Amino acid sequence: MNVKKDGIWQARLNMAAPLPSGTQGAEGKLLPLKEETRVGRTSGMMNKGCCFRLAAWLALFGLPGAGMAEMLPAEEVLLPAPSACRSDRAAVAHLPLRLAVYAPEKDVPVVEALLNVLNAQGVLSGLSMTHDKTSADAVCSVEGTPSGTGEGYEARLEREGEGRGILHLKAAAPQGLFYAWQSMVQILSANRTGEGFSVPVFSLRDNPRFEWRGLMLDVSRHFFTMAEVKRMVDTMSLFKLNRLHLHLTDGPGWRLEIKKYPLLTSMSAWRVPLTDGEWNWQEVKLAIQEHDPEATYGGFYTQEQMKEIIAYARSRQVTVVPEIDLPGHSYAAMHAYGDLICDGVDFPVEGKKGRDAVCMGRPETLRFVKDVVDELKAVFPPGSPIHLGHDEVSAEAWKKCRYCQNRLKNLREKDLKALGRDFLQQIADYVRKDGYDAIVWDEAGELEADKHILVMAWRGNGFAAAAARKGHPVILAPCSHFYFDYYQSAASTEPKAVGGLIPLKQVYGYELPELSPEEAARVRGLQANIWTEYLYNMGLVEYMAWPRALALSERAWSDCDPRDYKSFRSRASRALKILEKLAVKYRPMDEED
């Protein structure tokens, strides 16, 4: 069913048949703000009765409770694993369900905004500010000089008289304090009793291994609403993933409003629904006119909607990375604007047979791309990376195109690769003018273009190593380990996927390519990609993402031994309980995982 919202038709995709997933928890309710206390969602957790109150009372005084649930030390809970952590099982501290948080006056705005986000997440609730340090349950501060990404933090739980606990959280930057609290969410959730939280005292220090810890969501093949994208941001941020790469354009659809080129969304954001619902690129029919009555499937984000998504993500320490896939995979753009098509191409027929690269010789092409980049810069804040695609580019259409051949002659080149290299260099230079980073898929790393361009290596460690040796910063996204649209097991009960097999253990076992120290320093991080040919609703996306994204999170944040799978699996089982509470449709782990 499609619904109209803010003047735009957006596809509401029906959920598939019930998936094997976590049990959905109760949906929380946001309560009104009162004075200095900002209360978020109610937790939806069930009070487990007198036995848990007794366990909390015994834990309060550091006494063991026969038959009671064991209180879990931080190192047996945290995912991703922290850099260093020490707990004392013999000393258990008690905290109330509703925590009062103190911060120095200079840090109050940062901490108050953070507590609002935490309350809205729906895992903890009732976090509020207090001006009385002596009665606070948690003391937060932003102090010191940030190092690296500024995401590091220190945390400790102290036990005072009669077992009262006090959390001390310190970071050199707001993002570090955010991650300190995400760790507290996990520790407290795992040690919840009927009356509060009973936790073994701990001290921990934490810093990320990599600055880039990403997930890519393909919104071109299937469109996902603002609410669904925000939901993905929420789940990512719980486990310290910090880059959401949106694949906004491809052959099957253009998903971002570009005001100078309105046909991109009035036509190329919509298509005729496939008759049997089965993905088939050859049968995709985009709208042939504005408001085509037959093209009812799809949707797009207005620029204001995208700004809202960006702001929402930034409040959760997630950077949104837009991708405009060029010069290949450009069928949707060429469908709307014929000036981008090479001379001699029988479009649209040949556009679905690999000849979907924009013309390298027409001046309209370069103008179009620069105009799109200008509007991206009006939406995405300076410092944002802009992904320019450049994967699986077919040069077939360029061979006989008079415009492309004239351009090649002007460049005094004979190899068609020179057209792609020249095009990429011009666009990358244009992107970087105002402080933005340019990213491409690893095919473009072979074009000998500017070494400042980030290369996202999807074809494997060999291509990543080659790019690093050439001097490019590299993001590792190998399809061998991090393509989450591949099957998770060989069981016949798995929902249909594009192919391949990447079980959870394989994701966790990923090891970096062999690089020299200088080359290894160019690795920016890890990313998993979720292509959506067969993932036509968010329930399917979540099922394919989790728990594999937990493995990605630990490999990207923690410098852990990838062979220590037993520890990861134990902690992942507890992390899934948090996702269960949020009604995320994860894939349950089984004995083979």
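Among contacts in the chain between residues at least 6 apart in sequence, 74% join residues at least 24 apart. The model is predicted. The exercises below work through parts of it.

**Exercise 1. The chain as a whole**

State how many helices and strands the chain has, and what percentage of its residues count as buried.

Solution. Begin with the secondary structure: there are 17 helices and 21 strands. Then take the burial of the chain, where 57% of the 593 residues count as buried.

**Exercise 2. Two helix pairs**

Classify the packing of α6 with α8, and that of α10 with α11.

Solution. Step 1: helix α6 covers residues 303-314 and helix α8 covers residues 363-379; their axes lie 9 Å apart at an angle of about 50 degrees. Angles of 65 to 115 degrees count as roughly perpendicular and those under 35 as roughly parallel. The two helices are therefore oblique to each other.

Step 1: α6 contributes Gln303, Met306, Lys307 and Ile310 to this contact, and α8 contributes Glu375, Ala378 and Val379. Sorted by class, the contact of α6 with α8 holds 4 nonpolar, 1 polar and 2 charged residues.

Step 2: for helix α10 (residues 402-410) and helix α11 (residues 417-432), the axes cross at roughly 80 degrees and come within 10 Å. This makes α10 roughly perpendicular to α11.

Step 3: on the α10 side the residues are Cys404, Arg407 and Leu408, and they meet Ala418, Leu419, Asp422 and Gln426 of α11. The classes in the contact of α10 with α11 are 4 nonpolar, 1 polar and 2 charged.

**Exercise 3. Aromatic pairs**

Give the number of aromatic pairs, then describe the pair Phe239 and Trp546 and the pair Trp254 and Phe368.

Solution. Step 1: the count is 17 aromatic pairs. One of them joins Phe239 and Trp546, with 5.8 Å centre to centre and 50 degrees between the planes, and is tilted.

Step 1: Phe239 is in the loop between α4 (226-238) and β11 (243-247), while Trp546 is in the loop between α15 (538-545) and α16 (548-557); the pair links distant parts of the chain, 307 residues apart. Both Phe239 and Trp546 are buried.

Step 2: turn to Trp254 and Phe368, whose ring centres are 6.2 Å apart with planes at 65 degrees, so the pair is edge-to-face. Trp254 belongs to strand β13 (residues 253-254) and Phe368 to helix α8, so the pair ties together parts 114 residues apart in sequence.

Step 3: compare each accessibility with the cut-off for buried, under 20%. Trp254 has 2% relative accessibility and counts as buried. Phe368 is buried as well, with a relative accessible area of 3%.

Step 4: look for a group of linked rings. Trp441, Trp458, Tyr483, Tyr486 and Trp531 are joined into a cluster by ring pairs.

**Exercise 4. Lysines over rings**

Identify the rings that Lys240 and Lys352 lie over, and describe the surroundings of Lys352.

Solution. Step 1: Lys240 is placed over the face of Trp557, 5.6 Å from the ring centre. The charged end of Lys352 is over the ring of Trp281, at 5.7 Å from its centre.

Step 1: Lys352 is in the loop between α7 (331-336) and α8. Is Lys352 buried or exposed? Its relative accessibility is 13%, so Lys352 counts as buried.

Step 2: leaving out residues up to four places away in sequence, Lys352 touches Trp281, Gln282, Glu283, Val284, Lys285 and Tyr331. For Gln282, 70 residues from Lys352 along the chain, the C-alpha atoms of the two are separated by 6.3 Å.

**Exercise 5. Burial in a helix and a strand**

Find how many residues of α15 are buried, and state whether Ser141 is buried or exposed.

Solution. Step 1: in α15, 8 of its 8 residues are buried. They are Met538, Gly539, Leu540, Val541, Glu542, Tyr543, Met544 and Ala545. These buried residues pack against β10 (212-218), α4, β21 (523-530) and α16.

Step 1: Ser141 is in strand β6 (residues 138-142). With a relative accessibility of 11%, Ser141 counts as buried.

Step 2: setting aside neighbours within four places in sequence, Ser141 is in contact with Pro104, Asp107, Leu169, Lys170, Ala171 and Leu177.

Definitions and conventions
Residues are numbered from 1 along each chain as its sequence is written. This is a predicted model: local features need pLDDT of at least 70, side-chain atom pairs count only at pLDDT 80 or more; totals for chains, interfaces and linings use all residues. Side-chain values use heavy atoms; hydrogens and water are left out. Axes are lines fitted to C-alpha atoms, for helices over the stretch in contact, and angles run from 0 to 180 degrees between N-to-C directions. Helices (H or I, at least four residues) and strands (E, at least two) are DSSP runs, numbered from the N terminus. Angles under 35 degrees count as roughly parallel, over 145 as roughly antiparallel, 65 to 115 as roughly perpendicular and the rest as oblique. Contact means heavy atoms within 4.5 Å. Ala, Val, Leu, Ile, Met, Phe, Trp, Tyr, Cys and Pro count as nonpolar, Asp, Glu, Lys and Arg as charged, and the others, Gly among them, as polar. Buried means under 20% relative accessible area, exposed over 50%, partly exposed in between (1.4 Å probe, protein chains only). Rings of Phe, Tyr and Trp (its six-membered ring) pair if their centres lie within 6.5 Å; planes under 30 degrees apart count as stacked, over 60 as edge-to-face and the rest as tilted. A charge sits over a ring if NZ of Lys or CZ of Arg is within 6 Å of the ring centre and within 35 degrees of the ring normal.
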